[in-house]
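Good morning, and thank you for coming.

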Amino acid sequence: MLAGLAAMVCIAGAVATPMLALVAIAPAMPDLSADYLGFVWSITRFTVLQAGLSTLLSVMAAVPLARALARQASFPGRQAILRLLTLPLALPALVVVLGIVEVWGRQGWVSTMLQQTGLTGPLNIYGLSGILIAHVFFNMALAARLLVAALEQIPPENWRLAAQLSFSSRHVFRHIEWPVIRSALPGIASLVFMLCIASFAVVLVLGGGPRATTLEVAIYQSLRFDFDPPRAVLLAALQLSLCAGLFALGGRMATDIAVMASVGKPARRPDQATAKLTDTLVIAAGLTFMAMPMLAIVLSGITAPFDVIVTQAVFWRALVTSLALALAAASLCLVMAWSLLAAQRTIMRRRIPSRAASALMSSMQAAGSLILVVPPVVIGAGWFVVLHRTGLANSAAPVVVAVVNALMALPFALRILRPAVVGQAQVHDRLCASLGLTGMQRWRLIDLPVLARSLTLAFAFAAALSIGDLGAAALFGSADFVTLPLLLLQKMGSYRSLEAAGIALLLAGFCLGLIWLAEKLKPEAAAQ
Amino acid sequence: MSGADIRLDELQFAYPGGEPFHFSTSFDAGSFTGLIGPSGSGKTTLINLIAGFEEPASGNLYFDGVDAAEAEPAERPVTMVFQDNNLFAHLDVFTNIALGVSASLDLSGDDRTEIAGAMEKTGLSGFGHRLPRELSGGQRQRVAIARALVRDRPVLLLDEPFAALGPALRRDMLRLVSTIHKERRMTVILVSHDPADVKFAATHAAFLDAGRVMANRPVDAFFSASDIPGLQGYLGT
C-alpha cells in the first residue's frame, strides 16, 4: 500500500516537477512576433490534421480487416497474422520508418514498380503522405487487433442464433458486429489519435519544414537547434493542453492496450463461407501492407556492412548504453507497476471501499496511463530545461531517459500484469488465509509461479520499448550519450544508409527477440 | 404448426481428441422429452446436432422422414433456446422477438400483432422497450420463448434454459413451456439436470450415458424401469 502511494507520488513528481519548474523559471515571455505565432499556428494545425487523418485512415482500414480476421476463424495462418499485428507495438518507430522508406520512398519498391510500368514518376514520401503511411502501419494494426478482440467477445450463442434466424452477412453486420464495433470505436480512435499527436520519430524523419512539423518535433528543434527554452516551454504548454483537452473531451480512451494476448478459439459463424473471397482479399491486402516494410528491414539489413559497424567504438558505446537503459527502465517500470497494482489490490480487498479509498484507486489508475496524456518529449523537454539551468544536463541524462522510458512502458506493463496480480491473487486470498500462508512463503509458493510469466513478458516489453525509444533520448543525446536509435538517426542523417540498415535490423532483432524469448517461457501450470 | 417427428440413425460425432458420440433414437411428433444424464454424456451435443450447430461425422437425421443431416440451421424446422445469451444485449425486448419473424426487421401489421400476442402469452406485455440488462434472468428466458413462439417451428429445443433460476421460478417456466407444448403440439426436447423437472413437465424421458442414448420412454415407464443401464447409479436410487 505504501509502495503504491510512493510509486504514485514518484510518477506525479517525475511529470510535475519539470512542469512546475518551467512555470517558476518561465523566463521573459518568448518572442511572440507575428511570424512566430503564424508558425506556431501552422504546426498546431498540422499536428491535429495529421493525427486526425491518421486516425481516420487507420480505423477505416482496421474495420474491414478486423471483420475479415474475426469471421474467418479457420483462415490458414490466422494466428500468425494476429501476431504480426501486435509486432508494430514492439518495433522501434525509427526502424519502421526506415522500412517504409525502402518500400514507399523515391527509390523504393513501389516507386520502382510504378516507373517500370510507366504509370507515374517516383513517389515523394516526405511530408504528410509519408507520415500517414507510417501512422497507419502502426495504428491500423493496433486498432484491428483491438477490434478483433472485441468481436471475439461476442458470445457463441449469438452466432448460433444468427444461423437459426438465417441472418445474411448484412444482418450479421447490422445486428451483431456493428453494435460491438460502434461501442469499441470511440475508445480505439481516441487512443490512436493520442498516439499520433505525440508521434515523434515518424515526423522527425518523414516530416520537415514548417509545412509538415508537429509540436513534438518543434519542441525538440527549439531545444536542440535553436536552444530557445522559452519557445520550447510555449510549445510544450500548447502540446500539453491539446492532449489534456482531448483526453477530457474523449474521456474513455482504450487504455486497455491489448498486448500479445492469446486468442481463444473463435466460434463457427454462419457467414463464413459467403464472405470467404472478399475476406481473403482484405486479409491479403492488409498482410502485404504490414509485411512489406518488415521484409524491407530484413532484406536490406542482412547485406549491411556489419564488419565495418563492429569496428566503430561509438557503436559499442551505444549498444552498452541502450542495454543498460533498457535494463534500468524495465526494472523501474516493473517496480512501479507492481506497487500500483498491489496497492489497488489492498484497496479492493475491503468489501466496501470508502470514498477516499476509491478516489485513491482511480488516481492510481490514472497515474498508470499519465504518459498517454503527457507525451515523453514534453516531460523530457521539461527536465532538459530544468537540468540545463542547474548544469546537470549531461550527468543526469541517463537517469531522466530511463525514467521517461519506464513511464512510457507503464500502461503496457499494467495491462499485462493486472489480470495476474489483481485477478489471480483475489482467487487465492481466502485459500491462503485459511492455510495460514503469508509473507515470503506465500510469495514464493503461490504468487511467483503464477506471476512469473506475466512479469517476464512485461519486463521484456518495457525493455523493448526502451531500446527502441527515440523521443526522450534525442533531447539529451550528446557525444557522451548515444543510444542505438540515436546512432541510427545519425547514420540516416549522414547518408550512411547501408550501416543504418544494419543497425535497424539489429534493433528490430533485439526488440522482437526479447518478446519472443519472454513468450517462449514455459507457461506455468498455475496459469491454467 | 404441429410437431415433426425426429429420427437419429447412427448419428456419429466426436470433438477433437474426445470419445465419439453415437446416437440412435427417435422423438415422436408432438412429444415432450426430457433429456437427462451425467455431464459429458452428450445431451447438449445431441440437440446441437439436431439444430445443425454441429456437423455429424456420419449417420442420418430425419425430420418427418426427410433427411436433414446436411441442412443449414436456418433450413431446419427447429428453434433452440440456450442457457444464456439468447438475446442481443443492445436490442430491446420487442426487437429481439421481432428478429424471429424477419432478420431485416421488415414487419407487417400482422407481424406486430403476433409479436404482441407472444409477449402477452409469456407475460412480457409492457416490457417491449426494455433492454435485456433491465430484465431478470427469468424474464430474459421468457423473451427467448416468445421468439420461439413467433418463429412457430415444429421442433423446440431447450438447452437447460432454466438451470440458473430458483425452484419456484423454474416451475413457472416449465409450466409455460408445457402450456405452449399443449397448444401448439410442437415436438419439445428439454435438456435438464433435474429428473424432477422432467417428471413435472415432460411426456417422455431419455437417458444418455457415455455418448449413447440408453433409453427413451414415456415418463411413467421410464422412472419405474429397472433395466436401464447406468440410470440407477445416476439417480442414486
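Predicted model: local features only at pLDDT ≥ 70, side-chain atom pairs only at ≥ 80, totals over all residues.

I shall begin with one helix. Helix 4 of chain A has 12 of its 12 residues buried, so the rest of the structure largely encloses this helix. A residue counts as buried if 20 or more other C-beta atoms lie within 10 Å of its own. The buried residues of helix 4 in chain A include A:Ala93, A:Leu94, A:Gly99, A:Glu102 and A:Trp104. Helix 4 covers residues 93–104 of chain A, and its first and last C-alpha atoms are 16 Å apart, close to the 16 Å expected at 1.5 Å a residue.

How confident is the predictor in chain A? The average pLDDT of chain A is 83, and 91% of the residues score at least 70. Two stretches of chain A call for caution. Over residues 255–264 of chain A, pLDDT stays under 50, and the model has 24 contacts there beyond four places in sequence. Residues 524–528 of chain A also stay under 50 in pLDDT, with 7 contacts beyond four places in sequence.

Let me now describe chain A as a whole. How many helices and strands does chain A have? Chain A has 22 helices and 0 strands. The radius of gyration of chain A is 24 Å, close to the 24 Å that the globule rule gives for 528 residues, so chain A is as compact as a globular protein of that length. Along the principal axes, the C-alpha atoms of chain A fill a box of roughly 65 × 65 × 50 Å. Of the 528 residues in chain A, 47% count as buried. For contacts in chain A with a separation of 6 or more, 84% are accounted for by residues 24 or more positions apart.

Why can helix 6 of chain A be called largely enclosed by the rest of the structure? The reason is that 19 of the 25 residues of helix 6 in chain A are buried. Helix 6 of chain A runs over residues 128–152, and at 1.5 Å a residue its 25 residues should span 36 Å; the end C-alpha atoms are 35 Å apart, which agrees. Where is the kink in helix 6 of chain A? The kink is centred on A:Val136 and amounts to about 30°.

I turn next to individual residues of chain A. A:Arg83 is placed in helix 3, residues 78–90, of chain A. A:Arg83 has 16 C-beta neighbours inside 10 Å, so this residue counts as partly exposed. In sequence A:Arg83 and A:Arg145 are 62 residues apart, while in space they are 9.0 Å apart, C-alpha to C-alpha. A:Arg389, in turn, is found in helix 17, residues 376–390, of chain A. With 13 C-beta neighbours inside 10 Å, A:Arg389 counts as partly exposed. Between A:Arg389 and A:Gly208 there are 181 residues of separation in sequence and 29 Å in space, C-alpha to C-alpha.

Is A:Tyr495 buried or exposed? A:Tyr495 counts as exposed, because it has 9 C-beta neighbours inside 10 Å. This residue lies in the loop between helix 21 (484–493) and helix 22 (497–520) of chain A. A:Tyr495 is not a glycine, although it has a positive phi of about 60°.

We now come to chain B. Chain B contains 8 helices and 10 strands. Its radius of gyration is 18 Å, close to the 18 Å that the globule rule gives for 237 residues, so chain B is as compact as a globular protein of that length. The C-alpha trace of chain B spans about 50 × 40 × 35 Å along its principal axes. In chain B, 43% of the 237 residues are buried.

One residue of chain B also has a positive phi without being a glycine: B:Arg185, with a value near 55°. B:Arg185 lies in the loop between helix 5 (167–184) and strand 8 (187–191) of chain B. With 16 C-beta neighbours inside 10 Å, B:Arg185 counts as partly exposed.

Finally, how do the two chains meet? The contact takes 17 residues from chain B and 12 residues from chain A. On the side of chain B that touches chain A, 9 residues are nonpolar, 6 are polar and 2 are charged.

Terms used. Residues numbered from 1 in each chain as written. Chains lettered and ligands numbered in written order. Nonpolar A, V, L, I, M, F, W, Y, C, P; charged D, E, K, R; others polar. Helix = DSSP H or I, 4+ residues; strand = E, 2+ residues; numbered from the N terminus. Expected span 1.5 Å × (residues − 1). Bend = angle between axes of the 7 residues up to and from the residue. Rg over C-alpha atoms; globule rule 2.2 N^0.38 Å. pLDDT = per-residue confidence, 0-100.
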